[in-house]
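The entries below follow the order in which I looked.

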Amino acid sequence: MNSKYYITWEEYKADHPKLEGKPEQAIAPKIQKYEDIMFNFIIGLFL
Amino acid sequence: MTDTAALAKEREQLFRDLFSGKTPKRVPVTNPATLEFAIQYYGEDLAEAQWDLTKAESALDKFCHEFPTDTTPIGSIRPPAYYQLLGSKAIVMGSGGFMQHPEVMGMFPEEYDDFIAAPYDFIIETIMPRLYTELDTDPHKKAMVLAKALQAHLDDYAFIGQMRARVNAKYGLVSPAVALTEAPFDFLADFIRSFKGISSDLRRIPDKVSAACEAVLPLMFKKGKLPNTEMLGYSFLPLHMAPYIRNTDFEKFYWPTFKKLVEALAEAGYNVQLFIEHDWMRYLDFLYELPENTIMRFEYGDPRVVAEKLGKKHIISGFYPITLLQTGTREQCIEKAKELLDIMAPYGKYWFQGDKSIISTDKTGNTAKNLRAVLEYVMENGTY
Amino acid sequence: MDLQLLTKAVGDLDEPKVLGMLKEFAASNPTAEETAAVVSACQKGMTIVGDLFDAKEYFVGDLIFAGELLSSAIAILKPVMGGEETVNTGKIILATVEGDLHDIGKNIFKSMSEAAGFAVYDLGIDTPPNAFVEKIKEVQPQIVGLSGVLTLALDSMKNTVQAINDAGLRNGVKIIIGGNPVTEEACKMIGADAYTTNAAEGVKICQGWVS
């Protein structure tokens, strides 16, 4: 999704090189989860 | 396995069979009355119990105990706390305690181009502060308002989820998961351009309407996804605007992105339920084209014609007129349920639901009496 | 000004044509009588819109647009209308009843009534019974219109009619109820004089009452 306010894990990882070497399998789903929670909340305000 | 756990498993199987187009063991039954109804029926204050959901739980418990149903009778309740924190104009509590959607407009016609270029950004930056007025402020306050509202939203829905799990465990009920989304045209109409606005847009700037529908389609698809395709659940689309526009406008503006959305969700492995509000009888041929085993709950129409045209390919539901429960005799109400079963059950894929939700009690108490009688009847006699 | 062409253009909901014709007309320094004839031609066009709605060629979205078109038309003609108040067909007090926030149908009925020459006093949404009573005393209308979409609106309509009765005002007005849940049975239960789920039909009923 092309938006200032939504980021995928891949994009986030690219922006945060300090996460290199940290446990991605635990971090990635969590970071993505809050992005999606916010998306569903915002769109839900218009449904 | 306990009795209630076995009952729940049986109920889950009814819906798994139904959603995959197999004929279930019996007709699944959903109580069309909601948590708002239960709150009022059992004497709680409607406004208070939506603010303090702990006050709703005993009403829900009694409701599940006294009224037969396969699914949890909660409905699509909107807890008021997060709306209040956001300063909502879009969803508002009326004087009777019911959360409602008054006609609002979040976007002006001259703003279509910006919306089309980046709809999610435009919604966040421009539309949200207009319809959720506590966000119309400096960035620091705005961040805090959003944080508080999101917390309230998550807290209230978490409590509802826990309450749901408790009654489900106690009574052996099931709750298919629901991902709410909309046809792009409806999304554009409901809160963004408004009913009045979109009616004018169709005639004045039709190309922009089409482009805006295409622009929001990916948002509607993403919103309609469930956490996975294995869980029992469906994408849920309440359909709004089609009955209010001409056939030519439907074909050109409503249908294309609506069809793409349903197809994309089905392709991705999700079940799709359409709540077909008002009168879609002139659009049945279009509905036929949707992916096989789309669940179609009708508010209005001729059940016989709908069954003939759509009953083999799709999963039909709805039609039971809930106002009859208020005005009719017990015999008339049961007769109506029998009539629908006779028409629908032979097609092997009928789900008993009301034509719409019952959200308010009536002074005579007829609705509750007749509702119980009808639910009992369909539970006992709903065979294919 | 070809009045028949104007009527047809309104009926066709051809906004560019209607507004173009009216702007040209207004700029031509017309007399008040000429303007009155143009207003009448627009109203005839709205009758066509109502007929096409009955014939299921136009739908609610088209009625809404027609209301917008008429408002724009009147705005263009206002500067060249006669100084006197146009004789109005009658007075209607209109509102969505207590507990209900829906007003789209009410607003369509309002546009169409105004197009037919009624003066409409719109009290808005979520309107308690005493607000109706007070306005009836103030305005002395021929007609009171109650609108609602939720089933609970029927109870509010009953309470409203009761309040009007208790205030000794019931015999002086005709009451019409409108909205999704209204039926003949509901109308009897509520004590209204007429019911409709079709704004155009509602206007015809009101016209029948004041003629």
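Entry 1, contacts between chains. The model is predicted, and I kept to its limits: local features need pLDDT of at least 70, side-chain atom pairs count only at pLDDT 80 or more, and totals for chains, interfaces and linings use all residues. Residues are numbered from 1 along each chain as its sequence is written, while chains are lettered from A and ligands numbered from 1 in the order in which they are written.

I looked up which chains touch, and of the two pairs of chains in contact, chains B and C share the most contacts. There, 22 residues of chain C are in contact with 20 residues of chain B. Helix H4 (residues 60–77) of chain C gives the largest share of the side of chain C that touches chain B, namely six residues; helices (H or I, at least four residues) and strands (E, at least two) are DSSP runs, numbered from the N terminus. By class, I noted 11 nonpolar, three polar and eight charged residues on that side of chain C, where Ala, Val, Leu, Ile, Met, Phe, Trp, Tyr, Cys and Pro count as nonpolar, Asp, Glu, Lys and Arg as charged, and the others, Gly among them, as polar.

For the other pair, 15 residues of chain A are in contact with 19 residues of chain B, and the side of chain A that touches chain B divides into 10 nonpolar, four polar and one charged. Chain A and chain C are joined by no contact, and their closest C-alpha atoms lie 16 Å apart.

I found 16 helices and eight strands in chain B. Its radius of gyration is 21 Å, which agrees with the value near 21 Å for a compact globule of 384 residues; the radius is taken over C-alpha atoms, and the globule rule is 2.2 Å times the number of residues to the power 0.38. Of the 384 residues of chain B, 47% count as buried, a residue being buried if 20 or more other C-beta atoms lie within 10 Å of its own, exposed if 12 or fewer, and partly exposed in between, with C-beta atoms placed from the backbone.

I asked which elements the buried residues of H11(B) pack against, and they are H9, helix H10 (206–223), strand S4 (233–239) and strand S5 (272–276) of chain B. Among these buried residues are B:Phe250, B:Val262 and B:Leu265.

With helix H9 (residues 184–204) of chain B, helix H11 (residues 247–267) of chain B packs at an angle of about 175°, the axes being 14 Å apart. That makes H9(B) roughly antiparallel to H11(B), the term for angles over 145 degrees. The contact involves B:Pro184, B:Phe185 and B:Leu202 of H9(B), together with B:Asp249, B:Phe253, B:Tyr254, B:Thr257, B:Phe258 and B:Leu261 of H11(B). I noted seven nonpolar, one polar and one charged among the residues of this contact.

Along its own length, H11(B) bends by about 45° at B:Trp255, with a proline, B:Pro256, following within four residues; the bend at a residue is the angle between axes fitted to the seven residues ending there and the seven starting there. After H11(B) comes B:Gly269, whose phi is positive, near 100°.

Terms used. Axes fitted to C-alpha atoms, helices over the stretch in contact; angles between N-to-C directions. Parallel < 35°, antiparallel > 145°, perpendicular 65-115°, else oblique. Contact = placed C-beta atoms within 7 Å.
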